[in-house]
Amino acid sequence: MNTMQKVENALADSEIKIGARGVQVYYGTNHALKDVDVDIADKTVTAFIGPSGCGKSTFLRCLNRMNDTIVGCRVEGQITLDGEDIYAPTVDPVQLRARVGMVFQKPNPFPKSIFENVAYGPRIHGLARGRAELDEIVEKSLRRAALWDEVKDRLTAPGTGLSGGQQQRLCIARAIATAPEVLLMDEPASALDPIATAQIEELIDELRSAFSVVIVTHSMQQAARVSQKTAFFHLGSLVEFGETGQIFTNPQDPRTESYITGRIG
Amino acid sequence: MSVGIITLIVLAIAVGGFFIGRARAMSLVGGDARKLHSLPGYYGQLVLIFAAVPAFAALILWLLVQPMVIEARIGALIAPESIAEGSTRDLVMSDVRRIANGIDQLVAQQVLSEADLRTLSTEQSDLRSRMADVGVALGSDVVQNVFEAAKEYRRISIFARMAMAAVVLLLAVTGAVFAFRRILPDFRARNVSEASFKVLLIAASFVAVLTTVGIVLSLAFETVHFFRLYPAKDFFFSLTWNPQFRGGSDLGIAPLLWGTLYVSFVALVVSVPVGLFAAIFLAEYASKPVRSAAKPAIEVLAGIPTIVYGLFALVTVGPVLRDYFAAPLGIGSSSSSVMTAGLVMGIMLIPFVSSLSDDVINAVPQSLRDGSYALGATRSETVRRVILPAALPGIVGAILLATSRAIGETMIVVMGAGAAARLSLDPFEAMTTITVKIVSQLTGDTEFGSPETLVAFALGLTLFVITLALNVVALVVVRRYREQYE
Ligand SMILES: Nc1ncnc2c1ncn2[C@@H]1O[C@H](COP(=O)(O)OP(=O)(O)OP(=O)(O)O)[C@@H](O)[C@H]1O
Ligand SMILES: [Mg+2]
C-alpha cells in the first residue's frame with residue numbers, strides 16, 4: 001500500500017469546512033449515533049469506514065440535513081458549515097443541500113432522460129444561461145463521472161435504462177453538475193467494476209482541488225487510496241479519526257486495528 | 001332429477017374423490033409423502049378436477065342445447081292453421097310450454113293420471129278451466145294440435161332430463177375412476193393442478209371479454225335496427241332533438257352530445273385540479289395525523305349516492321347560483337343549468353381523482369424524492385419535476401375514470417341541468433345529456449319497435465364509442481410521456 005506517500009501529500013492543513021460537535025442521532029428511541037466530533041477540512045477527501053449498521057450513512061445525512069425528511073429522526077449537537085450552524089433556524093435546508101451535494105448508497109436516477117437527469121440541478125438553480133451552456137455543463141459533468149463515452153449517443157434515453165454501475169455514475173454526474181462545495185458520497189463505487197472504480201477514484205482526487213469530499217466505503221484499499229483523513233465508526237460511535245496513513249499503519253484504538261485487519265466487521 | 005340435485009351429487013363425487021385420491025397416493029408410498037412427486041393434496045385435486053370439470057361442462061352444454069333442440073322439434077309439429085290470426089309461431093310455442101307445465105301440475109296434484117292423459121282430447125274436456133284451477137292461465141281454448149305438441153314437449157323434456165342426469169353422473173364417476181387409476185408415486189399431479197389453474201384464469205378473463213362483446217353486439221344489433229327506420233345522416237348531423245309520439249320525430253344526437261360534453265367538461269374543471277391538489281397535499285405535505293383524518297373524510301364523498309347529490313343540486317346549488325350569481329348579473333334565470341350539474345358532479349368526482357392520485361403518488365419511491373431534495377430542490381419543485389411525471393400514468397388513469405363517470409352520470413344531470421335538449425354555449429341554461437335521454441326514451445310509452453325507442457340503443461353505442469376512443473387516446477398519451485421508474 002502506498003500509504004506513506006499519502007501521509008506525505010496529506011494536507012497542507014487547510015481550513016475546516018464542516019465541524020461537528022457532540023452529534024447525537026435518534027431514530028425514534030434508537031440511539032443510532034452517539035456523541036460524534038469530526039472536523040472535515042476543505043479541499044480534502046475524508047473517508048468514513050466501519051462495519052455495516054454503524055451509522056456512517058446516518059452521519060453523512062446529518063451533514064446536508066437529509067435526515068429532516070425522515071419521520072421520527074432527531075439530530076442533536078452542533079454542525080457548522082464555514083463556521084455557520086446548519087441547524088440554526090435561519091438556515092434554509094434547501095439552500096444548504098445545493099451547497100452540500102450527495103450521492104446515495106443505492107443509485108436513484110430520475111425516470112427522465114440521461115440529459116435531464118444531469119440538467120436537473122443546474123435547471124432548478126438557474127446555473128446555465130441558455131441551452132449551449134447547459135449542454136456544456138451536462139457534458140462536463142458526464143465526462144468527469146466517466147460516463148460520457150458510454151452515453152453520448154443516447155442522451156435522450158431514460159436514465160433508468162442504464163446498468164447499475166452506469167446509473168451510479170449518472171447520479172455522481174448529477175450531483176457534481178450542481179457545483180456543490182462539499183460532496184458526500186455514500187459507497188459510490190459499491191456497484192462499479194474495477195475500471196469504473198478507478199475512474200471514480202480519479203474523479204474524487206480531482207474534485208479535491210475544488211471541494212471537500214466525504215466518502216463512505218467498505219473497501220479499506222479505497223479509503224487508503226483516495227482519502228487524506230479517515231474516520232472509523234463502530235456501533236454508533238466515532239472510535240478514531242485522523243490522518244489516513246496513521247489510521248491504517250498505526251491505529252490508536254484496538255477496535256480500529258481489529259477492523260482494519262479484518263477481525264471485526 | 002333436478003339440476004340442483006345433479007350438481008350436489010357431482011360435487012359429492014368430486015369431494016369424495018379428493019379424499020380418496022389423497023389417501024390412495026399416501027398408501028402407495030407407505031405414508032411417506034417425500035416419495036411422491038407432488039404433495040398428496042395434488043393427487044386429491046387431480047381426482048376432484050377429473051370428476052367435476054367434464055361433468056359440469058357437459059351439464060352446462062346440455063342445458064344450453066336442450067331447449068334449442070326441443071323447440072325445433074316441437075315447432076315442426078305445430079300446424080300452420082293452429083296459429084291464429086295476429087298471432088305468431090313464437091306465441092304458440094310459449095302456449096305449448098305453458099300447457100306442458102300445466103299438465104305437469106295436474107299430474108303432480110293427481111287430478112290427472114298418465115293413462116288418462118294419453119286418451120284425453122281437447123273436444124271432451126275443458127282443459128282451459130282445469131288448467132286455471134292449478135294456476136296456469138291460458139289466453140284461449142286449447143286446440144288439439146297444440147295440445148298434442150304440448151304432450152310431446154313434455155315427453156321429450158322428461159326424457160331429456162333423465163338422459164342428462166345419466167350422462168352427467170356417468171361422466172363424473174368415469175372421470176374420478178380414470179384419475180384415480182392414474183395415481184402413481186411419480187405421476188406429476190402438481191403440474192396438472194398448475195395447468196388447470198391456468199385454464200381457470202383464462203376462462204375468467206374469457207367471461208369478462210365475452211360480456212363486453214355481448215353488450216356491444218346487443219347494442220349494435222338494435223342500433224342497426226334503428227338505422228333501418230331512421231336515417232343515420234339525420235341522427236348524426238341533425239341539430240334538433242324533438243321526439244314525437246306519432247312519428248315524424250327529429251332525433252339528432254348533436255344537442256345531447258354537446259350537453260354531455262359541456263357538463264362533463266365543467267365537472268372535470270372542478271374535480272381535476274381540486275382532486276389532484278388534495279392528493280398532492282395528502283401525499284407530500286400532510287403530517288400523518290392530518291392525513292389519516294383527511295383521507296377518509298374526502299373518501300366519504302365517494303360513498304354518497306348520486307341521487308343525494310342530485311337533491312343537493314336541485315334544492316341548494318341551483319337556486320343559489322340563480323339567485324346570487326346568474327340573476328343579479330343578468331345571465332340566466334333558470335335554476336337548472338349546466339353550471340349547477342357540472343359543479344355538483346365535479347364535487348362528486350373529487351374523491352375519484354384524489355384517492356387514486358394519492359395512491360400513485362405514494363407509490364413513487366422515496367429514493368426519487370431524496371435524490372431531488374439532495375440536489376437542493378424544494379418540495380414543490382420535487383412534486384412538479386419528479387413526482388408528477390413519474391406518477392403521470394396513474395394520474396391520467398384517475399382522470400379517465402372521473403371522465404367516464406361524468407359522461408355516464410344521469411341522476412345529477414336530470415336534477416341539476418334538466419331534461420331539455422339544447423345546443424347553447426351559455427352555461428346558465430338548462431341542457432341535457434345522452435344518458436338522460438336514453439332513460440326517458442326507454443321508459444316512455446312508445447312502442448318498442450319504434451325509432452323513438454330504438455334511438456336509445458344508438459345513443460348508448462355512441463356513448464360507448466366515445467368513452468372507448470377517450471381511453472385509447474389517453475393510453476397513447478401516457479405511453480408517449482411516461483417516465484418509468486423501477
Ligand atoms: N430511516 C431509518 N429509520 C430507522 N432507523 C434507521 C434508519 N436509517 C438507519 N437506521 C438505523 O440506524 C443505524 C445506522 O444505520 P446506517 O444506515 O447509518 O448504517 P451504515 O453505517 O450506513 O451501514 P451500511 O454500511 O450497511 O450502509 C442502523 O441501526 C439502522 O438500523
Ligand atoms: Mg450506509
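**View 1. The interface of chain A and chain B.** In this predicted model, chain A and chain B bury about 1800 Å² between them, and 62% of that is on carbon and sulfur atoms. Buried area is the accessible area (1.4 Å probe) that two parts lose on being put together, summed over both. P111(A), Y120(A) and I124(A) supply 31% of the area that chain A buries against chain B, more than any other three residues. The contact (heavy atoms within 4.5 Å) takes 24 residues from chain A and 21 residues from chain B.

**View 2. Pairs across the interface of chain A and chain B.** The rule finds 4 residue pairs in polar contact here, both residues at pLDDT 80 or more. A polar contact is a pair of N or O atoms within 3.5 Å; within protein, one must be able to donate a hydrogen and the other to accept it, and residues adjacent in sequence count only if both atoms are side-chain atoms. The number of salt bridges found across this interface is 0. A salt bridge is a side-chain nitrogen of Lys or Arg within 4 Å of a carboxyl oxygen of Asp or Glu.

**View 3. The side of chain A that touches chain B.** Two or more residues each come from α3 (93-99), β6 (100-103), α4 (114-125) and α7 (164-177) of chain A. Helices (H or I, at least four residues) and strands (E, at least two) are DSSP runs, numbered from the N terminus. With 4 residues, α4(A) gives the most to this side.

**View 4. The surroundings of ligand 1.** Of the 14 residues around ligand 1 (a heavy atom within 4 Å), S52(A), K56(A), S57(A), T58(A) and H218(A) come nearest. Oxygen atoms of ligand 1 lie 2.4 Å from a side-chain N or O atom of S52(A), 2.7 Å from a polar side-chain atom of K56(A) and 2.5 Å from one of S57(A). Helix α2 (residues 56-63) of chain A gives the most to the shell, with 4 residues.

**View 5. A salt bridge within chain A.** R99(A) pairs with D82(A) in a salt bridge, the closest N and O atoms being 3.2 Å apart. The pair links distant parts of the chain, 17 residues apart: R99(A) is in helix α3, and D82(A) is in the loop between β4 (73-81) and β5 (84-85) of chain A. Over all chains, the whole structure has 32 salt bridges.

**Notes.** Residues are numbered from 1 along each chain as its sequence is written, while chains are lettered from A and ligands numbered from 1 in the order in which they are written. Local features need pLDDT of at least 70, side-chain atom pairs count only at pLDDT 80 or more, totals for chains, interfaces and linings use all residues, and side-chain values use heavy atoms, with hydrogens and water left out.
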